[in-house]
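Student: Can we go through this one together? I'd like to see how the labels get assigned.

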Amino acid sequence: QSLVVGMTGVALFPITFVCGLTIGSYVLDAAGIGPSGRRPYSAQRTVGVVLAVVAVAISVLGRLAQTDALLFLILPFVFGVLVAWQQVANGSMAVVARTPLTPTVLNFVVGTGVLAIAAGIYSLGKGLPETYPTDGWLYLGGLCGVFFVAMTAWAIRHTGALVTSLATTTGQILTAVLSDLFFPQTTIDNFSILAGAAVMVVALAVAAAGRKTRPLGV
């Protein structure tokens, strides 16, 4: 994300990411992979996924001539599919362990270990960074990540992969659009970004509407 956002804009990244996350979650639900059981394909859920894909197409209309940008959008789509699998795995582990803390700790122990190894290899050739960000709020991202993993591991059992993904990304998309409007990382077509985000929100609502969930205490 840190590498790609500067080339796609803050809003384009999560919209494309959500497209991969939505499609991946939809397929996993239909296949019955995860703690919530099989949630078969339906016209309503399919329309929601199709609208999500349309939202991505609208959001990149202003950048169709920039081939490099389109190539970079493939990465967040793949990341989205992989995160869908990660959430299902975390939810299944939370059921077996009877607590969402187990997958949360495992995710961050593995992530920290991999980053430590990568940082060590990088520092051998480039050395350690001489300066670090001084804005304290930037470091809250890690804490937000811990909370996000724990909550999705708990929620996915009750709502399924697709609905969980849709619910957790609605706020992300809206916040990302505002971020691109007020703190742009690159020159983009704001109208196409806003239109794509609007269609994505409709997609989330359509796919999630009328979905019966399991009691939260179960």
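Tutor: Helices (H or I, at least four residues) and strands (E, at least two) are DSSP runs, numbered from the N terminus. On that basis the chain has 7 helices and 0 strands, in the order α-α-α-α-α-α-α. This is a predicted model, where local features need pLDDT of at least 70, side-chain atom pairs count only at pLDDT 80 or more, and totals for chains, interfaces and linings use all residues. Residues are numbered from 1 along each chain as its sequence is written, and side-chain values use heavy atoms, without hydrogens and water.

Student: Why is T104 called buried?

Tutor: Buried means under 20% relative accessible area, exposed over 50%, partly exposed in between (1.4 Å probe, protein chains only). T104 comes out at 6%, so it counts as buried. T104 sits in helix α5 (residues 101-126). Across the chain, buried residues make up 36% of the 218 residues.

Student: Which residues is T104 in contact with, leaving aside neighbours within four places in sequence?

Tutor: V146, V149 and A150. Contact means heavy atoms within 4.5 Å. Among the chain's contacts between residues at least 6 apart in sequence, 81% join residues at least 24 apart.

Student: And L138, what makes that one partly exposed?

Tutor: L138 has a relative accessible area of 41%, which lies between the 20% and 50% cut-offs, so partly exposed is the label. You'll find L138 in the loop between α5 and α6 (140-182).
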